[in-house]
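Morning, everyone. Please take a look at the structure on the screen, and then we'll go through a helix and some rings.

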Amino acid sequence: MITNNAKQFTLTLKAVSSKDKVNELVLKENGAVSLISEDKIIYYYVEENSCLKDLWNSLESFIKSNKYDLNVDVDSFISKFEKAEEAFQTVVEAIAFASHKDLDYKEKSTEPKSINFVFDKKYNSIYEVSLIKIEYMDFARDLQDLPPNIGTSVEIANRLAAKAKELSDIKVTVYDKKQIEQMGMGLLLSVNAGSNVEARVVVMEYNSDPSQKRTALVGKGITFDTGGYNLKPSNFIENMKFDMSGAAIVSSTVMALAKAKVKTNVVSIGLLTDNRIGGKATLTESVIKSMNGKTVEITNTDAEGRLVLADGITYAVRNAKADRAITVATLTGAIDVALGKWFTGTFSTSDSFYGEFDKAAIKAQEAVWRMPVLKDHLKAMQCSKVADLANSEPGRQAGSSTAAAFLDSFAEGKDFIHLDIASTADINKRGRAPMLRTMFELLNK
């Protein structure tokens with residue numbers, strides 16, 4: 001439970017530094033916590049020149065292991081940093097994020113401890129927006145954590161639509177298989193071909209300022225990825241329920257913007273299906289026609305994410321009339337090799353659009369790293385003898401960049417950013433809804 005009262009609990013979490021006079025028993029190491037019972041305070045030590053990203057990480061770790069209901073003296077934290085508003089936002093969002101009760105189906109489950117934030121009233125507006133962001137991050141995380149037998153494309157589409165109905169300013173459209181066929185989304189349908197569960201496309205539109213550029217957020221929603229006929233080995237099939245993270249994140253971003261009543265013009269497209277083997281599943285070396293008319297040779301059925309995203313980009317550009325687009329996807333294992341869990345791989349041929357995005361990521365305290373996407377990367381995807389494109393390049397070179405180039409070729413000249421969250425979507429078998437806060441900041445102007 002999160003509250004905001006003057007004082008509610010016995011114990012208080014308070015930040016201190018070398019400039020404060022405190023009990024000599026307080027550990028003086030960055031991020032260290034010391035419970036001094038006679039003070040009824042848990043002291044959190046902050047070293048000079050500490051960064052907010054480190055603060056987020058250490059606060060999250062502490063809250064997840066915390067065994068007490070706590071007041072949090074937020075003002076004591078922000079006094080230790082030059083940028084007070086950003087520090088306030090980091091403290092509140094990190095603690096609220098860590099206080100979320102993770103989804104489980106256990107007979108008996110432990111509830112997280114309650115948190116009461118105490119701070120100067122001048123930060124009320126930031127506080128309210130921060131809690132909105134975390135609310136929708138938590139919603140997305142719960143969708144990520146759904147077991148695949150429950151979190152099917154139909155069930156996730158239903159949950160997204162139901163959540164959006166809580167907001168009056170969002171237009172929601174859920175397309176079923178027949179409508180997807182009528183739109184000509186051949187690539188999405190090719191991934192869905194082996195499944196006994198129909199595909200869904202969930203579109204959420206929020207336009208509170210028509211004068212702004214229309215931004216499309218396109219999310220990969222593979223509810224479970226077996227790899228198809230290019231079947232994954234057992235050690236790579238684990239955690240494939242998280243392959244729908246992009247769709248959950250982009251949809252939740254639009255809902256967060258709407259609840260916060262941000263003046264913006266945005267549409268999300270979540271493309272939902274699983275990727276299975278079966279009698280009707282797409283075979284390797286098949287040639288499929290995309291929504292925009294390009295043909296794609298399926299050289300690897302396990303490179304399915306870029307297929308559904310390609311049709312989603314076409315919908316964004318042609319049907320939703322987007323001026324620019326962002327794709328969010330657990331797309332490539334190659335990004336894990338390149339960047340590990342520390343960064344989301346970011347690809348764009350537009351320096352100006354990337355510049356805006358990078359500033360938003362800094363404000364949101366989310367780590368991104370720009371990766372190359374070159375004309376030569378697209379040439380590698382034009383290797384098919386029988387189709388305009390292959391969905392997987394031969395060899396193992398620059399797999400994340402060639403995938404991004406494939407996607408960029410469907411953007412029809414619009415400014416485009418691709419976010420590969422394959423290594424940041426989940427940690428320790430729990431969803432984290434990365435890039436929601438960054439996209440929120442990008443569109444919150």
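What covers the buried residues of helix H5? The cover includes helices H4 (124-145) and H9 (245-259), and strands S7 (171-175), S8 (200-207), S9 (215-225) and S10 (265-275). Contact here means heavy atoms within 4.5 Å. Helices (H or I, at least four residues) and strands (E, at least two) are DSSP runs, numbered from the N terminus.

Some ground rules. This is a predicted model; local features need pLDDT of at least 70, side-chain atom pairs count only at pLDDT 80 or more, and totals for chains, interfaces and linings use all residues. Residues are numbered from 1 along each chain as its sequence is written, and side-chain values use heavy atoms, leaving out hydrogens and water.

Back to H5. Its buried residues are Ser153, Ile156, Ala157, Leu160, Ala161, Lys163 and Ala164. Buried means under 20% relative accessible area, exposed over 50%, partly exposed in between (1.4 Å probe, protein chains only). They cover an arc of only 165° around the axis, which puts them on the same side of H5. The arc is that of the directions from the helix axis to the C-beta atoms.

Now the rings. The whole structure has 9 aromatic pairs. Rings of Phe, Tyr and Trp (its six-membered ring) pair if their centres lie within 6.5 Å; planes under 30 degrees apart are stacked, over 60 edge-to-face, the rest tilted. Trp56 and Phe97 make a tilted pair, 5.7 Å centre to centre with 50° between planes. Trp56 is in helix H1 (residues 52-65) and Phe97 in helix H3 (residues 84-98), 41 residues apart. Trp56 counts as buried, at 3% relative accessibility.
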